[in-house]
Amino acid sequence: MTDNELLLEISNIMHTQLQPIVDRLDQLEERMDRLEARIDFLETRVTALENRMDKVELEITEAKTLLENRIDKSELEIREVKMLIETQLLPMQKELSAYGMSTYRRYEKATNQTESMEQDLHILMRVVAEHSKELSRPS
């Protein structure tokens, strides 16, 4: 056998021996391509999720700020109402209560006087009626 023939034979043997390895490497390469595509898809989805989370965080921050502002405003209004009650309404209520009590006492006194006068009037009417009978009788 010549050197060329020998080299050709070695080449065929090597090709035959290495073909399963080449096939497996091709399969591995295809799998790697599929894995890379899946990873790219996952990276895209993760990026989309991160963007959505950023938006949600921003909305939550805005809502929190809005609520805090409303709470602060409500607390201020409550303090103002409390001050109004303490400085204006309570003194007015005390004055009205005092006025009401003095009016009640006057009416109570007047009612007692009226009742007394009514009793006196009844007595007077009986006396007048008796005197009228006595005067109208012939003696």
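Modeller: The chain has a radius of gyration of 56 Å, whereas a compact globule of 139 residues would have one near 14 Å. This radius is taken over C-alpha atoms, and the globule rule is 2.2 Å times the number of residues to the power 0.38. The C-alpha trace spans about 190 × 35 × 15 Å along its principal axes. This is a predicted model, in which local features need pLDDT of at least 70 and side-chain atom pairs count only at pLDDT 80 or more, while totals for chains, interfaces and linings use all residues. Residues are numbered from 1 along each chain as its sequence is written, and side-chain values use heavy atoms, with hydrogens and water left out.

The secondary structure comes to 1 helix and 0 strands. Helices (H or I, at least four residues) and strands (E, at least two) are DSSP runs, numbered from the N terminus. Helix α1 covers residues 3–136. Of the 139 residues, 1% are buried; buried means under 20% relative accessible area, exposed over 50%, and partly exposed in between (1.4 Å probe, protein chains only). The chain exposes about 13600 Å², and carbon and sulfur atoms supply 60% of that area. Accessible areas come from the Shrake-Rupley method with a 1.4 Å probe; for residues, only the protein chains shown count as cover.

Now the patches. They are made of residues with over 30% relative accessible area and no salt bridge, with like charges joined within 9 Å and nonpolar side chains (Val, Leu, Ile, Met, Phe, Trp, Tyr) within 5 Å. A salt bridge is a side-chain nitrogen of Lys or Arg within 4 Å of a carboxyl oxygen of Asp or Glu.

The nonpolar patch consists of M1, L6, L7, I10, M14, L18, I21, V22, L25 and L28, which together have about 970 Å² of accessible area. I21 lies in helix α1 and is partly exposed, at 46% relative accessible area. From I21 to M1 it is 20 residues in sequence and 29 Å in space, C-alpha to C-alpha. L28 is also found in helix α1, and L28 is partly exposed at 46%.

The negative patch is formed by D23, D26, E29, E30, D33, E36, D40 and E43. E30 is in helix α1 and partly exposed, at 47%. E36 lies in helix α1 and is partly exposed, at 45%. Over the chain there are 19 positive and 29 negative side chains, and the centres of the two sets lie 20 Å apart. Lys and Arg count as positive and Asp and Glu as negative; His and the chain ends are not counted. The place of a charge is taken as NZ of Lys, CZ of Arg, CG of Asp or CD of Glu.
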